[in-house]
Amino acid sequence: MIIRSNSIILASDLSPAFFPQNDFAQYKKGFFPLAIVNNLSFDVQNTRSRSKQVGSQFFAQESLQYSPVVNLSFDYVSSLSFENENLLNFFFRANEFFESNFKNTNSYAANLYFLVSDLEHYDFINRIISKGNLNGVDAICFGNCYLNSYSLSLPSVGLPVSKVQMQAVNMEMKRINGNTLVVPAVNLAVGNQESGCPLLLETGSFIQNLQRLNTATGNHPILPTKNSTYFQISTENLQVPSTAFAPFNNCAIDSLELSFGIDRENSYGFGSDFIYDSKIKFPILGSLNVNLVNLNFNTGEGTLTGVMKNESGYNLEMTFSGVNSPAKTLKINNAKLNSHSYSIDYSNYLTSNFAFDFQCNESTGVASKWSYVESLSGALFSNETQRLLDVNGSGLFAGSAVAPTPTPTPTPTPPSPEPIAYVFNYSQDSETEACSYFPTSTYYSIALNLVTGSVLYDDDGLSNLANPGYYANQGIVYYIEAPHDGVIASINACPPAPPPTPPPTPPPTPTPTPPPPPPTPFIPPVGQFDILEAIVTEDGLGISIAFSVSYYADSYSIYRSEDGGSTYILLQDNLSFGNNPYIDYTVLGGGVGTPNYYTYYMYSVNGFNSTTTQAVTVGIE
């Protein structure tokens, strides 16, 4: 029978690829469908060691030097949620501040499962749903997969595509039967698969996530490019003579392509034929190609040699947003212009290509955050090639010197920001009273960090402005003066505590009286500190953890356990109270009736002492 594929579903489990079996974990969990794959290819290269000897026309020795390495590549239609990238080792951080996409990725490895069928993918998905299991499905499985390259292509016409190349240590082909699957991963420390946890195929959770890939139901979260992808550069025009690089005003972006090539160093150890580890050889070189349709020129430095004096670096940002969805923003730092080219004929517009290179590591180069788009800033993609958007992005240049008057379109109203709770000691009269420990009250603001000019409210509905007076928190006092209710006028440190009253001087005696001991320095306590709530978020993508203030605390840390509190890992360090609540987006649901349970506790420290909360357990289906 000829093997024919009309659909390939890519699924993955979580890092680490090999999970040892013990008393706390009988099964490995996290079987998650990522995407409908457009293309899949893989090859296996054997590395042989050969030696000759005198007097013979044959090799004296010809044997495999190491276990073969599997090179695989595939591509899929990009998703707005970027969950695929998070499971393939190019992390889109779910933070309110920019953080490197390659942070803590050096030893990340997962297993990939390609489910193959001769059915069209609509029918393939519906067959799995109707059966309620994966029995009889053919799978090509790759173990210990490391990311080698990633690219994201965003055309103005057509669908966005992500292309991935990975290196795997092991490969298996099998037919799924039952509710468990032997993972293809190898225990790289010893070079075998013994004592590894089998993967639990939680079909309820798998099918629930699989329905998101079914484009027939309209649930596939395809990354939109029209009216929802924005690009901006730190300067409107480049240092060199070129076409004008000013989106909306002088050019329209026809396509973007972002790519990363990741070099790795494979390590081999004694007693094992397999790769012991595959470390990233930082820095990673990233590239961004931008294709433009142009209207004007930019003089730059006047000559190409101007760039030799002091080459500029450019900061670039791309924001992706859907309707009523949190926007994901990628920021590229210090990109260098590598090349620029141009093309024009008598009947078309002038087009150009700009290629930027930039270096990345675990702290800088390319970073991401989640936020909401507040205004249009950058170049809106057009779904018509060889057309130029007008200044407002709502009309099209027809090639004449004067653009037609655009029809105004309503500006979308950004979502209202969520209020942030702050706990303060309040005094109407003095800083000293406010800097005492009790009593406390909760106030609200939309500012992530309170500064001069920030507004405080008495209620989370942001309808009642805070009264004039002094508000103290963790050794800082904020002053609101009348009649400017609610507006912080100044910020100062709390006044130091008065020194202790010295004891009375004893009457003079022939023996000299020693001086009194110096006062004991004030060591601030950390104070009361609790997890207020840990709930599943409304969109079901994470667990929200709100925590109370800890007086004089410098930072907070959060720890998570997936085995009921027997073992914990550090989930996030150096949190500030401005990160409250903290949302853990790395959890997975277990399915209806079989939730996955996660246990959390938090820890605060001020350099002198610390406080730890009680553990809280949350289940997510």
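**Bridges across the chain**

Visitor: Welcome me in with a salt bridge: how far apart are the closest N and O atoms of Asp584 and Arg560?

Guide: Happy to! This is a predicted model, and in it Asp584 and Arg560 form a salt bridge. Asp584 sits in strand β35 and Arg560 in strand β33, 24 residues apart. The closest N and O atoms of the two are separated by 2.8 Å.

Visitor: Which residues are joined with Arg560 into one network?

Guide: Let's start with the surroundings of the pair. Asp584 has 1% relative accessibility, so it counts as buried, and Arg560, at 7%, is buried too. Salt bridges with shared partners make one network out of Arg560 and two further residues, Glu562 and Asp584.

Visitor: What is the handedness of the disulfide between Cys435 and Cys494?

Guide: The sulfur atoms of Cys435 and Cys494 are 2.0 Å apart, and both residues are buried. Cys435 is in the loop between α4 and β27 and Cys494 in the loop between β30 and β31, so the pair ties together parts 59 residues apart in sequence. Because the torsion about the S-S bond is about -90 degrees, the disulfide is left-handed.

Methods:
Residues numbered from 1 in each chain as written. Predicted model: local features only at pLDDT ≥ 70, side-chain atom pairs only at ≥ 80, totals over all residues. Heavy atoms only, no water. Disulfide = S-S within 2.5 Å. Helix = DSSP H or I, 4+ residues; strand = E, 2+ residues; numbered from the N terminus. Buried < 20%, exposed > 50% of the residue type's maximum accessible area, 1.4 Å probe, protein only. Salt bridge = Lys/Arg side-chain N within 4 Å of Asp/Glu carboxyl O.
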